[in-house]
Amino acid sequence: MKLYRLLTGEDDAAFCHKVSLALSRGWALHGSPTYAFDAASGRMRCGQAVTKTVEGKDYDPAMKLGEQ
């Protein structure tokens with residue numbers, strides 16, 4: 001099964017660590033990152049899609065994707 005996640009967060013070190021953690025757990029970057037101004041908070045926000053292939057499991061909407 002192939003899983004998909006969209007990681008989001010403010011443009012700071014915590015977002016970079018979130019993406020780095022996903023990569024260290026076997027997730028792969030998918031496409032280009034996004035970068036947009038959040039008018040409500042007055043800050044820039046980032047997004048990065050990641051995917052991961054997991055063998056021997058079937059998709060279940062109740063699964064916690066970050067734990068796969």
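The largest nonpolar core has ten residues: Leu-3, Leu-7, Phe-15, Val-19, Ala-22, Trp-27, Cys-46, Val-50, Val-54 and Met-63. H1 gives the most, with three residues. This is a predicted model: local features need pLDDT of at least 70, side-chain atom pairs count only at pLDDT 80 or more, and totals for chains, interfaces and linings use all residues. Residues are numbered from 1 along each chain as its sequence is written, and side-chain values use heavy atoms, with hydrogens and water left out.

**The core**

- A nonpolar core is a set of buried Ala, Val, Leu, Ile, Met, Phe, Trp, Tyr and Cys residues joined through side-chain atoms within 4.5 Å.
- Buried means under 20% relative accessible area, exposed means over 50%, and partly exposed lies in between (1.4 Å probe, protein chains only).
- Leu-3 belongs to this core. Leaving aside neighbours within four places in sequence, Leu-3 is in contact with Trp-27, Val-50, Thr-51, Lys-52, Val-54, Tyr-59, Met-63, Leu-65 and Gln-68.
- Contact means heavy atoms within 4.5 Å.

**The sheet**

- Three strands form an open sheet in the order S1-S3-S2, with antiparallel pairing.
- S1 (2–10) and S2 (28–38) are the edge strands, each with a single partner, so one side of each has no neighbour in the sheet.
- The twist averages 15 degrees from one strand to the next.
- Strands (E, at least two residues) and helices (H or I, at least four) are DSSP runs, numbered from the N terminus.
- Two strands pair if DSSP finds at least two bridges between them.
- S1 and S3 (residues 43–53) pair over nine bridges. Leu-6 stands opposite Ala-49 in S3, and the bridge partner of Leu-7 in S3 is Gln-48.
- Eight bridges join S2 to S3. Here His-30 has Ala-49 of S3 as its bridge partner.
- In a regular strand the side chains alternate between the two faces of the sheet.
- The hairpin of S2 and S3 has four residues between the strands, and Gly-42 takes a positive phi near 75 degrees.

**The helix**

- H1 (residues 13–24) lies across S1, S2 and S3. The helix runs at about 165 degrees to S1.
- Axes are lines fitted to C-alpha atoms, for helices over the stretch in contact, and angles run from 0 to 180 degrees between N-to-C directions.

**The salt bridge**

- A search of the whole structure finds one salt bridge (a side-chain nitrogen of Lys or Arg within 4 Å of a carboxyl oxygen of Asp or Glu).
- The side chains of Arg-43 and Glu-10 form this pair, at 3.2 Å from N to O.
- Arg-43 lies in S3 and Glu-10 in S1, so the pair ties together parts that are 33 residues apart in sequence.
- Arg-43 is partly exposed, with a relative accessible area of 46%. Glu-10 is also partly exposed, at 26%.

**The cysteines**

- A disulfide is a covalent bond between the sulfur atoms of two cysteines. The cut-off used is a pair of cysteine sulfur atoms within 2.5 Å.
- The whole structure has zero disulfides. Cys-16 is in none, and the nearest cysteine sulfur, that of Cys-46, is 7.0 Å away.
- Cys-46 counts as buried because its relative accessibility is 12%. Cys-16 counts as partly exposed, at 48%.
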